[in-house]
Amino acid sequence: MTETLAVHTVEGFLTLDETSQVIKGLDEYIAATGWVPARPEEGLRAPDDVQEILNAAVERALPSIRRVFPSVDGRPTPWDYHDFGPGGGIEPHLHGVDDPGARRQRVARVAFHLQEAARGGEFFVDTSASEALWTDRVAGADSGFVPGTRFTREISHDASAEALAELRAIPRTRWTSTPPAGTAIVYGAQLVHGVQPVVEGRLRKLITNLLAGPAR
């Protein structure tokens, strides 16, 4: 459970040249497909050439990532691209653990900002001592988690209005980040998180999941 509540950064996740290649690959793909997000939080599956660059960066960063998330297996899920203009952002939400008995478990997520907004658009995590974030589910002996591990609720950004309102009502402490260029943020799957609304400029970011393999 400790891993699913941790936060880590990887400075120099991508070089300037790699970042330029990713931007070029995305721009060409968006121009070819005509993609426009239907809503601010909607993502686009990045093209294969971009996936290769980002996955190579994860492999390169594994020694650092595994100091904080030792169970991750180095095979991230496909990366999604997000593009926010003024007013765009992501409400506080919580992914949690979908199925504690699954063979591969989501332990953490990685967020990488290709371009920061001029104002706003900061990534954040919210911490809280409230019991309201947690369910009564616990890991059993057949789970990839230590037996007895507890699990949070799942309140994604496309959850019902009632669930999102319940989350907003829970007392929380917000931690915002302004990492150096080229830095990836790695955050646990059971943390409340989101993106502050963009006030000015454009925010471009990529997100993936880090998974743990089967229990040994």
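**Notes on salt bridges and a helix pair**

1. Let's start with Arg39 and Glu42, whose side chains meet in a salt bridge with an N to O distance of 4.0 Å. Arg39 is partly exposed at a relative accessible area of 37%, and Glu42 is partly exposed too, at 22%. Do keep in mind that this is a predicted model.

2. Next, look at Asp80 and Arg45, which form a salt bridge at 3.2 Å, N to O. This pair links distant parts of the chain, 35 residues apart: Asp80 sits in strand 3 (residues 80-84) and Arg45 in strand 2 (residues 44-45). Asp80 has a relative accessible area of 26% and is partly exposed; Arg45, at 47%, is also partly exposed.

3. Now find Arg153 and Glu166, a salt bridge whose closest N and O atoms are 2.8 Å apart. Arg153 is in the loop between strand 9 (150-152) and helix 3 (161-169), while Glu166 is in helix 3, so the bridge ties together parts 13 residues apart in sequence. Salt bridges with shared partners also join Asp73, Arg75 and Arg104 into one network.

4. Finally, turn to the helices. Helix 1 (residues 16-33) packs against helix 2 (residues 48-68) at an angle of about 150 degrees, their axes 8 Å apart. Angles over 145 degrees count as roughly antiparallel, so that is how helix 1 runs relative to helix 2. Their crossing is left-handed. Residues making the contact include Val22 and Leu26 of helix 1 and Val50 and Ile53 of helix 2. By class, the contact has four nonpolar, two polar and three charged residues.

Key. Residues are numbered from 1 along each chain as its sequence is written. This is a predicted model: local features need pLDDT of at least 70, side-chain atom pairs count only at pLDDT 80 or more; totals for chains, interfaces and linings use all residues. Side-chain values use heavy atoms; hydrogens and water are left out. Axes are lines fitted to C-alpha atoms, for helices over the stretch in contact, and angles run from 0 to 180 degrees between N-to-C directions. Helices (H or I, at least four residues) and strands (E, at least two) are DSSP runs, numbered from the N terminus. Angles under 35 degrees count as roughly parallel, over 145 as roughly antiparallel, 65 to 115 as roughly perpendicular and the rest as oblique. A crossing is left-handed if the near helix is turned anticlockwise from the far one by less than a right angle, and right-handed if clockwise. Contact means heavy atoms within 4.5 Å. Ala, Val, Leu, Ile, Met, Phe, Trp, Tyr, Cys and Pro count as nonpolar, Asp, Glu, Lys and Arg as charged, and the others, Gly among them, as polar. Buried means under 20% relative accessible area, exposed over 50%, partly exposed in between (1.4 Å probe, protein chains only).
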